[in-house]
Amino acid sequence: MTALLVALSLAYAFINGLNDSPSIVAPAVSTHALRPRQALLLAAAAQAAGPLVLGTAVATTVATRVVRAGSLSGGSIVAALLAALLWAMLTSLLGVPSSSSHALIGGLAGAALATAGPDSLLLPGLARVFAALLVSPPLGLLVGYLVVRITLFLARSARPALNSRLQAWQRLTMIALGVSHGASDAPKAMGVLT
């Protein structure tokens with residue numbers, strides 16, 4: 001059972017990275033800030049550094065703040081991982097953006113509910129995850145809008161030489177996004193195994 005759990009956790013981590021990593025690399029490649037191979041290597045290094053730099057709070061949340069300890073059997077965790085994997089693959093095939101994090105949390109909560117009943121759910125932790133799901137898209141929209149408007153305002157009379165500076169900033173933002181992605185997504189599989 002342990003080997004199956006490790007294999008499914010690694011498969012989940014792979015599918016999660018497959019869904020999310022292109023969004024880290026694509027802007028830098030499409031604007032020619034980096035060549036594709038450079039962007040891939042830099043993003044991979046940044047994501048690997050994520051848990052080392054920013055910690056493993058996500059792993060702690062998945063492991064201890066969603067379902068009560070001991071309420072999931074090995075079979076329940078297998079079911080939760082399979083549900084998250086199937087959802088991630090289906091939405092990917094259909095081209096529908098989705099959150100692998102929330103798919104995993106939903107799989108774990110559903111498995112705990114089916115296995116041990118409603119008392120197995122830790123509602124404060126689930127509420128935090130649900131709040132993040134609701135707040136993230138509008139917050140991202142607002143911040144993205146403001147950053148673009150400010151950048152356009154500051155660059156309104158700029159010369160073409162500004163492009164090289166913007167490309168350097170784009171490399172830095174890709175690294176920052178890779179680090180934050182690595183700290184957020186890689187630890188989820190660790191949290192399941194924990």
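Start with glutamine 170: its side chain reaches the backbone oxygen of proline 27 at 3.2 Å. You'll find glutamine 170 in helix α7 (helices are DSSP runs of H or I, at least four residues, numbered from the N terminus). Glutamine 170 is buried, with a relative accessible area of 19%; buried means under 20% with a 1.4 Å probe, protein chains only. Now show what glutamine 170 touches (heavy atoms within 4.5 Å): Pro27, Ala28, Thr31 and Ala33, not counting residues up to four places away in sequence.

A note on what you're looking at: this is a predicted model, where local features need pLDDT of at least 70, side-chain atom pairs count only at pLDDT 80 or more, and totals for chains, interfaces and linings use all residues. Residues are numbered from 1 along each chain as its sequence is written, and side-chain values use heavy atoms, with hydrogens and water left out.

Next, select α3, residues 57-64, where Ala59, Thr61 and Val62 are buried. Look down the axis of α3: the buried residues fall within an arc of 160° (taken from the directions from the axis to the C-beta atoms), so they line one face of the helix. Their cover includes α5 and α7 (162-193).

From Val62, hop to leucine 104, which is in contact with Tyr12, Val62, Leu81, Ala84, Lys188 and Val192, leaving aside neighbours within four places in sequence.

Last stop: which residues of the largest nonpolar core touch the most other members? Pick Leu72, Leu81, Leu104, Leu108 and Val192, out of 26 residues. Such a core is a set of buried Ala, Val, Leu, Ile, Met, Phe, Trp, Tyr and Cys residues joined through side-chain atoms within 4.5 Å.

Terms used. Buried < 20%, exposed > 50% of the residue type's maximum accessible area, 1.4 Å probe, protein only. Helix = DSSP H or I, 4+ residues; strand = E, 2+ residues; numbered from the N terminus. Polar contact = N/O pair within 3.5 Å; in protein donor to acceptor, adjacent residues only side chain to side chain.
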